[in-house]
Amino acid sequence: MSRWLSLYAVGAYAFLHLPLAVLAVFSFNSSRFTTWEGFSLTWYRAAFADTQLGEATINSFLIALAATVLATAAGTLCAYGLWKRGSKWITTSLYLSLVTPEIVIGIALLAFYQWMFRYLRIQLGMHTVILAHVMFSLAYVVTVVAARLRTFDASQEEAALDLGATEWQAFFHVTLPQLLPAVISAALLVFIVSFDDFVITSLVAGVDSETLPMVIYAMARRGFNPTVNAISTLIVVGLGVLIVAGERLREK
Amino acid sequence: MSRVRTWALAPAGGLLILLFLIPMAIVTSYSWMTRGPYGGVAAPLTWENYARLFDPLYFSILIRSLVYAGIATGICVLMGFPLALFISRSGGRKNFYLGLVIVPFWTSFLVRTYAWMFLLRDTGLINTALQALGVIGEPLPLLYNPFAVMVGLVYGYLPFMVLPIFSTLERLDRSLLEAAADLGARPLDALFRITVPLCKPGILAGSVLVYISCLGAYLTPDLLGGGKTIMIGNLVQNQFTTARDWPFGAALSLILMLAVMALLLPLVRRGNEGLL
C-alpha cells in the first residue's frame with residue numbers, strides 16, 4: 001500500500017506545484033505562444049520596462065511596508081494584552097475578521113469609507129488601502145505572537161517587576177526580546193498577505209493607488225501576455241523566500 | 001497591572017471597532033434600505049432585499065455556490081486524506097513534505113489562479129500539447145466553465161484539508177493499528193476501519209474550512225469561470241460595482257456571512273478554533 005501512497009503523493013504534489021513551475025519555465029520562452037522556441041529574457045525586459053508595472057510595484061511595496069509596521073505593532077501589543085487577561089469581544093472580533101469572506105470585508109470597508117467621505121473631505125487612496133490591510137492582518141499577527149506567548153514563562157516578568165522594573169520596562173526589556181522571532185515571522189506574514197491582496201484592495205483603492213496585483217489582474221483579463229508570466233515568476237520567487245524565512249523563524 | 005493591558009489592547013481594539021465592527025454594522029443597516037436614485041441607499045426600510053434572494057435568477061446562483069463548494073470539498077477530502085496519510089508516514093522528512101503543501105498556499109493566490117488560465121486556455125499548454133501530439137484536432141474548451149472553477153477551488157484550498165487531517169493523524173494512537181495487525185487485519189481494513197473513523201474530527205475541520213472558503217470564493221470563479229458559473233462572491237461584488245444596488249449587495253453579504261458563521265459553529269463549540 002505504501003508504494004501506491006507514494007505514487008499518489010507524487011501526483012498530488014505535481015498538481016500543487018506543476019502549474020507554477022510551468023508558468024516559470026514559459027516565462028523564459030522566446031516565443032509569445034505556448035510552444036517552446038528557446039531561452040530568452042525578453043519578457044523580463046518587457047516587465048522591467050513597463051512603467052505602469054513599475055509604479056504599481058512601488059505602490060505595493062509602500063502599502064505593504066506601512067501595513068506591516070502598523071499591523072505588527074498593534075497585533076503584538078494586542079496579543080500581549082490578551083495574554084495578561086483575555087478579552088472576549090476582541091478575540092471574537094479577530095476570529096470573525098479572519099473567517100469573513102474577503103469580498104464581504106472589501107464591500108464593508110468600501111461602504112464605510114463612502115459613508116465617512118460624506119463628512120470628511122478625503123478620497124480613496126493609499127491610506128484607505130493601508131488601513132484595510134492593517135485590519136485584515138491583525139488576526140494573523142495576534143495568532144502568531146499568541147502562539148509564542150503560550151510557551152512564555154510569566155515568572156520572568158514577575159522577576160523583573162520584583163526587581164523594580166515598571167510594567168512597560170518589563171515588557172520591552174524582558175518579554176518583547178524573547179517574542180522577537182515570532183514578531184518578525186508575523187511581520188513577514190503581513191508583508192506577504194498585504195503585497196498579494198487583490199480582492200479587498202481593488203475595492204478600496206483610489207486612482208493613484210493601483211497595486212501590482214491589480215495590474216496583473218487587468219493584464220490577465222485582457223488576454224494572454226507573457227509579461228505576466230515573468231512578473232508572476234518574480235512574485236512567486238520573492239514571496240517564496242519570505243515564506244520560507246517566516247516558517248524557519250516560527251519553528252525556533 | 002490592568003493599565004498596561006488596557007493600553008496594549010487599545011490600538012487593535014480601536015482598529016477592530018473602526019474598520020471591522022462599524023463597517024459590518026453599516027452593511028447590516030444597508031441591507032434593510034432601498035436603492036437610492038444615484039445608486040446609493042435611501043430611507044424606506046424594507047425586507048425586500050432579502051425577499052429578492054428567492055428570485056429564481058439569484059436563487060440559482062446561491063444554490064450553485066452551495067453545490068460547487070460541496071463538490072470541491074468532497075474532492076478535497078478524497079485528495080487530501082491520502083496526501084496527509086503520506087506525510088504522516090514519511091518519517092524524518094515530514095516537515096519537508098508538509099512545507100511542500102504550505103508554501104504554495106501562501107504564494108500569491110492571484111498568480112496561482114493565473115497559472116491555471118495559462119494551462120487551460122484554448123491556446124494554453126494543455127491544448128497546445130494535445131494538438132501537437134495529434135490527440136485532438138480542435139482545442140478542448142477547458143477554461144471558462146464549471147470544470148475550470150472546480151480545478152481552481154480544489155487547487156486553492158486543498159491545504160486547508162491536508163493540515164487538519166495531518167494533525168489528527170499525528171495524534172493517532174499507533175498501538176491501535178498494531179493491535180489490528182496482530183489480530184489479522186489487512187492494511188486496507190485497518191485504514192478504513194480504524195484510521196479513517198479516528199480522523200473524523202480532522203476531516204470535519206478541514207471540510208468546514210474548505211467549504212466556507214469556497215462559498216466565499218470570488219477570484220476563482222471570476223477568472224476561471226464564465227458568465228454561467230458566477231458564485232455569491234461575484235454577485236456581491238457586482239451589486240457594489242456595476243449594478244450599483246448596494247442594499248441588495250449588503251443583504252447578500254450578510255447571508256454569506258451568516259452561512260459561514262453557522263458552519264463554523266460546530267468547530268468553535270468543539271474548542272477546535274485552530275488559528276486563534
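**Labels and their cut-offs**

Reply: B:S65 sits in helix 3 (residues 56–88) of chain B; helices (H or I, at least four residues) are DSSP runs, numbered from the N terminus. This is a predicted model, in which local features need pLDDT of at least 70, side-chain atom pairs count only at pLDDT 80 or more, and totals for chains, interfaces and linings use all residues. Residues are numbered from 1 along each chain as its sequence is written, chains are lettered from A and ligands numbered from 1 in the order in which they are written, and side-chain values use heavy atoms, with hydrogens and water left out.

Me: Why is B:S65 called buried?

Reply: Buried means under 20% relative accessible area (1.4 Å probe, protein chains only). B:S65 has 0%, so the word applies.

Me: Which residues is B:S65 in contact with, leaving aside its neighbours within four places in sequence?

Reply: They are B:L215, B:M231 and B:I232, where contact means heavy atoms within 4.5 Å. The side chain of B:S65 also reaches the backbone nitrogen of B:I232 at 2.9 Å.

Me: What makes the pair B:D222 and A:R221 a salt bridge?

Reply: The term asks for a side-chain nitrogen of Lys or Arg within 4 Å of a carboxyl oxygen of Asp or Glu. The closest N and O atoms of B:D222 and A:R221 are 3.2 Å apart, so the pair qualifies. Between chain A and chain B the count is one salt bridge.

Me: How many residues does each chain bring to the contact?

Reply: Chain A brings 86 residues and chain B brings 84 residues.

Key. Helix = DSSP H or I, 4+ residues; strand = E, 2+ residues; numbered from the N terminus. Buried < 20%, exposed > 50% of the residue type's maximum accessible area, 1.4 Å probe, protein only. Polar contact = N/O pair within 3.5 Å; in protein donor to acceptor, adjacent residues only side chain to side chain.
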